[in-house]
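Please read the numbered points alongside the structure.

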Amino acid sequence: MDIEEIKRILKAFRICTPLFLAFGDKYRQKIIFDIIEAGSEGINVTNLSAKQELSRPAISHHLRILKENGIIVPHKVGTQIFYKVNLTQKFTVLKEVINSTLAVLSKIEKSCEFDESLLEEKKDLQI
């Protein structure tokens, strides 16, 4: 197994930690998808509150977590703050982590299949 490849995957996996944090909470999941649904213009807290079963302070708490982890970005329009998602780059890294991990697992499985076939041949020779 290539140790350097494992280290590279682990480093990329750590970059994805904010995604796991964000998507690990059902309220943040809903907030993220409500923001996505709002489209390129984004959504403000007032309109987001109308779609949630949470209080405004609770929504603000979740928005802060999402913002701190780079999942959403705020932009000011007049006196209001609108939120948009910022997931494309993070999903690209996550996709790389998944694909790289699958490739390593595939190599391991092929290695195990090879080892098992050698064991079978050895058993046949002993009979």
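1. Glu96 and Arg8 form a side-chain salt bridge, 3.4 Å from N to O; the term denotes a side-chain nitrogen of Lys or Arg within 4 Å of a carboxyl oxygen of Asp or Glu.

2. The model is predicted: local features require pLDDT of at least 70 and side-chain atom pairs pLDDT 80 or more, whereas totals for chains, interfaces and linings use all residues. Residues are numbered from 1 along each chain as its sequence is written, and side-chain values use heavy atoms, with hydrogens and water left out.

3. The salt bridges number six under the stated rule. A further one pairs Lys51 with Glu37 (3.7 Å, N to O). Lys51 sits in the loop between helix H4 (45–50) and helix H5 (56–68), and Glu37 in helix H3 (residues 26–38), 14 residues apart. Lys51 is partly exposed, at 34%, while Glu37 is exposed, at 57%.

4. Arg64 and Glu68 make a salt bridge whose closest N and O atoms are 3.5 Å apart. Both residues lie in helix H5, four residues apart, or about one turn of the helix. Arg64 is partly exposed at 41%, and Glu68 is exposed at 59%. Elsewhere, salt bridges with shared partners unite Glu5, Arg8 and Glu96 in one network.

5. How do the strands pair? Strand S2 (residues 72–77) and S3 run antiparallel and are joined by six bridges; pairing requires at least two DSSP bridges between strands. Helices (H or I, at least four residues) and strands (E, at least two) are DSSP runs, numbered from the N terminus. His75 has Phe82 in S3 as its bridge partner. Two residues separate the strands in the hairpin of S2 and S3, where Gly78 adopts a positive phi near 65°. Strand S1 (residues 43–44) pairs antiparallel with strand S3 (residues 80–85) over two bridges, and Ile43 stands opposite Tyr83.

6. Ile98, Leu102, Leu105 and Ile108 make a nonpolar surface patch of about 330 Å². Patch members have over 30% relative accessible area and no salt bridge; like charges are joined within 9 Å, nonpolar side chains (Val, Leu, Ile, Met, Phe, Trp, Tyr) within 5 Å. Accessible areas come from the Shrake-Rupley method with a 1.4 Å probe, and for residues only the protein chains shown count as cover. Ile108 lies in helix H6 (residues 88–126) and is partly exposed, at 32%.

Methods
Buried means under 20% relative accessible area, exposed over 50%, partly exposed in between (1.4 Å probe, protein chains only).
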